[in-house]
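Dear colleague,

Please find the structure below.

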Amino acid sequence: PVLDTEDAWVSVEGPVSIVELALEQKRIHYPLVEHQFVLCTILYAIMRFSMKSVKPLSLFDSKGKNAFFKDLTSIQLLPSGDMDPNVLSLRQQFLVKVVSSAVQALCSSQKAKEVSEEELFPFEKGKNWPTLAADLAQYLQISEDVVRRHYVCELYSYGIDHLGEE
C-alpha cells in the first residue's frame, strides 16, 4: 500500500512509525498458523480435562511435527491428504476422549450444584467442547460424524436424554 504523508511530517526525525514497521514485516503463512492453532487447541483440551496418557505430538506425522518449529513466515510442507492409519486412529481416540471428558464434566457439574462449572472456569463460559472437537476433526482429517455419534451415545449413557435427542 502507498502511504501518503504530509510535507510537514517528512522532515521530522525520530523513530520509525509503527505503520512503516508493520509494512516491513514479512507476511505469515496462514496454513502454518492454523496448524499451530490445532496444536494449541489439543494442548488446551489435554490441560482442561487432565488427560495424562495423551502425547500431543503423536497426533501428527513427521511433516506436521517439523512444521511446529519453523518460522511462521516460511512456507512449509504441511501434512497432505494421505495419512498413516495409525495416526488417524490416535486422532480419533483423542477426539473421543475429549467428548467423553466433556460430557463427564457436564454431568458432574450438574450433580454438584453448589459450584457451577462457570464459576470454576469463568474464561470458558459458553465453550462447547463437543462442538469444538467436531470442528477439530476437520483439521485432523477425522469424520465429524464419528465424533457427533459418540457425543450422542455419551449423552444417553449419562442419562442426559433431552440433549441426546437434540
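Ser-50 is exposed, with a relative accessible area of 53%; exposed means over 50%, buried under 20%, and partly exposed in between (1.4 Å probe, protein chains only). This is a predicted model, where local features need pLDDT of at least 70, side-chain atom pairs count only at pLDDT 80 or more, and totals for chains, interfaces and linings use all residues. Residues are numbered from 1 along each chain as its sequence is written, and side-chain values use heavy atoms, with hydrogens and water left out.

Ser-50 is not a glycine, yet its phi is positive, about 50°. The residue sits in the loop between α3 (30–48) and α4 (62–67). Helices are DSSP runs (H or I, at least four residues), numbered from the N terminus.

Gln-141 also has a positive phi without being a glycine, at about 60°. Its loop joins α7 (129–139) and α8, and Gln-141 is partly exposed, with a relative accessible area of 35%.

Which residues of α8 are buried? They are Val-147, His-150, Glu-154 and Leu-155. Down the axis of α8, the buried residues fall within an arc of 140°, so they line one face of the helix; the arc is that of the directions from the helix axis to the C-beta atoms. Arg-149 and Cys-153 are exposed on the face turned away from the buried side. After α8 comes Gly-159, with a positive phi near 80°.

Regards

How values were computed:
Helices (H or I, at least four residues) and strands (E, at least two) are DSSP runs, numbered from the N terminus.
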